[in-house]
2 protein chains.
Amino acid sequence: MEPKLLLTPGPTPIPPEVSQAMSQGMIGHRSSDFTELMQHVQSNIGEVFGSKYPVAVLTSSGTSALETAMINLVGKDESIIIIASGAFGDRFKNIAKAHPFHVYVYEVPWGEGVNVQEFEAFLNDKSDIRAVFSQACETSTAVLHPVKEIGRAVKNYDPSTLFIVDGVSAVGGTPFDIEAQSIDCLVTGSQKALMLPPGIAFVTMNEAARVRASQNRLPKFYLDINQYFSALEKHSTPFTPAVSLIQGLDKVLSIYKEEGIDNIFDRHMKMKNMIRAGLTALGLELLVEEAYASPTVTAFKGEEAELSHIKDTLQKEFGITIAGGQKQLKGKILRIGHMGYMFPKDMLAVLAALESILSRYHNKNYYGTALTAAQEAYHE
Amino acid sequence: MEPKLLLTPGPTPIPPEVSQAMSQGMIGHRSSDFTELMQHVQSNIGEVFGSKYPVAVLTSSGTSALETAMINLVGKDESIIIIASGAFGDRFKNIAKAHPFHVYVYEVPWGEGVNVQEFEAFLNDKSDIRAVFSQACETSTAVLHPVKEIGRAVKNYDPSTLFIVDGVSAVGGTPFDIEAQSIDCLVTGSQKALMLPPGIAFVTMNEAARVRASQNRLPKFYLDINQYFSALEKHSTPFTPAVSLIQGLDKVLSIYKEEGIDNIFDRHMKMKNMIRAGLTALGLELLVEEAYASPTVTAFKGEEAELSHIKDTLQKEFGITIAGGQKQLKGKILRIGHMGYMFPKDMLAVLAALESILSRYHNKNYYGTALTAAQEAYHE
């Protein structure tokens, strides 16, 4: 009977009013009802993406939005740099390698943020780089990269080199301003800070990227972004859209408006500070240093046996789900999501449960330790 | 307050229990809950597709499934035939033309079924045709093509030539048996007879097609079908799936099981017979002759002014939505959907409303005319 508390970095919980919006009944995707829906969505979505340009909605998952950015913005035999700092950077690599590009990979140790000076040296060493791709938040390591500084480095290298950012698990939980951050194209999926089920993905592009996309000649149809932007001018989509998810999106954007976007970003920062303070107070080692800590997800290190015990006991005794590590971090970290439909009281709940689990595990008294630290962080 | 009656050939109404299933709450797509869900789906879905092979579930709309079939089964510079008989055949052409294929188009007059003898002559006139693509039901004209006979012609031409069928608005409403119909690959979307919102698409392939797909070297990532089939072996998906829609799909398949798949197909045939008899009794001319009439959608012809009056009045006075024609059939036909969550009593309702509208429009007494014909068809 106990409701589950899902604190994973995606999929994330869906607000009940969003579930309800997605069950309001089917409308034809060529009807005026749908046109109005799309118009309403477009008028509210730009703020979340920090973009004054249209935001295309694809019926697909985040991976396809990454591929869409790539195959619309990079031509045959062109050179690109992929910044890879975790499991999703690896996916970026795999997408790029499936296509006829010349790919340089800038590897960042997992758990670290991009060192912009070092990246700049790597970049300046290469000629004819047409585009640079990076995650904003690398979900697998809980790192938020210095996007603005990377963007500046890209534009210093060559103003016509495009900077493409994967905003999965960042958009909606942390502010973007694509102009100030020198981002030419920002993409994301629906299932993270945007509080929706997976199934739709988003692509926004400035004028420079739109021009590049319109000139791109790689064979494609469903992932041809030009078709989406053309249809958007008539508040439509080129192919049958995931209507129920877009109905949900419209409700999410209303919720954002109601809470206020700055308040939402503040809440995410607050949850990050609470969880980091609490974990530290419990003697757990954070994977990511403060300067690169994501406001949407936090990772902590530990011995495999202890981590496994923590994760299982949280689940079994308290009905709280958190996530393990992926690939080379499997068995080495746990990750707590704090994005979207998650709140300060959820941070208190998971920290209190951790106090209880660790007190028994280490036969030591942790009661109040994490909570006190988190409560102080909350009031800072 | 009046609930709307949506009788369009997609999107179609969603059963309330399916809506409920889609709101049951998020589960992680890498959790054992999701693995069980996928396993359950796989054990029930084959019957609907008439396929003993796995059915891959893509997070995307039907168009992407068509493109997926194409770019996984056709190599660079290979020759294919597209059977085009309406708006969706045109889309098939556009997808094919976006890729480096040698495309022959076999044009069928809109509203007609494929004449298999003529098609066979067209086919035998070409050499090195590697694949033939056809809609089963061309939604825009309400035609159901003689799929089995086309398949036989393809295999007579060359047993290694693949036959790929677009099952949109057919799968779920009419029986398939891919082996008996010589179909190598069958694809469809979720939003038609399958009673789901749009957002997921399906691809099933026999061994010959799987081999061809595994050898295909066209650049692709999100639409690389091999990744889906590999993941399916572990009851998983290669990319974040549209979890809520798959939860809905599982419920749809339970409903199919409960009603019995043969009863469902019978219901669709019955609705087709009722609506065709009723429309004919009202003096309305059917677009498609009986031999090619689809069990999922029916089109009738008329003067533009009369059709427009019928469509608007059904909507305004009776809360019933039907669809107009597309492209070259715009203003020339209306289409009534009878697939998925639609029932004989809905056919009686729309026919009764039509009697009423036409009686006023023509100042003539049609009362009982269409209903009597439909009731007789129901009891046949």
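Lys257(B) is exposed, because its relative accessible area is 58%, and exposed means over 50%, buried under 20% and partly exposed in between, with a 1.4 Å probe and protein chains only. The residue sits in helix α9 of chain B, residues 243-259. Lys257(B) and Glu47(B) are 210 residues apart in sequence, yet 9.6 Å apart in space, C-alpha to C-alpha.

This is a predicted model, in which local features need pLDDT of at least 70, side-chain atom pairs count only at pLDDT 80 or more, and totals for chains, interfaces and linings use all residues. Residues are numbered from 1 along each chain as its sequence is written, chains are lettered from A and ligands numbered from 1 in the order in which they are written, and side-chain values use heavy atoms, without hydrogens or water.

Now to chain A. Its secondary structure comes to 13 helices and 15 strands; these are DSSP runs, helices being H or I of at least four residues and strands E of at least two, numbered from the N terminus. The C-alpha trace spans about 65 × 55 × 35 Å along its principal axes. A compact globule of 380 residues would have a radius of gyration near 21 Å, and chain A agrees with 21 Å. That radius is taken over C-alpha atoms, and the globule rule is 2.2 Å times the number of residues to the power 0.38.

Of the 380 residues in chain A, 64% are buried. Contacts mean heavy atoms within 4.5 Å. Among those in chain A between residues at least 6 apart in sequence, 71% join residues at least 24 apart.
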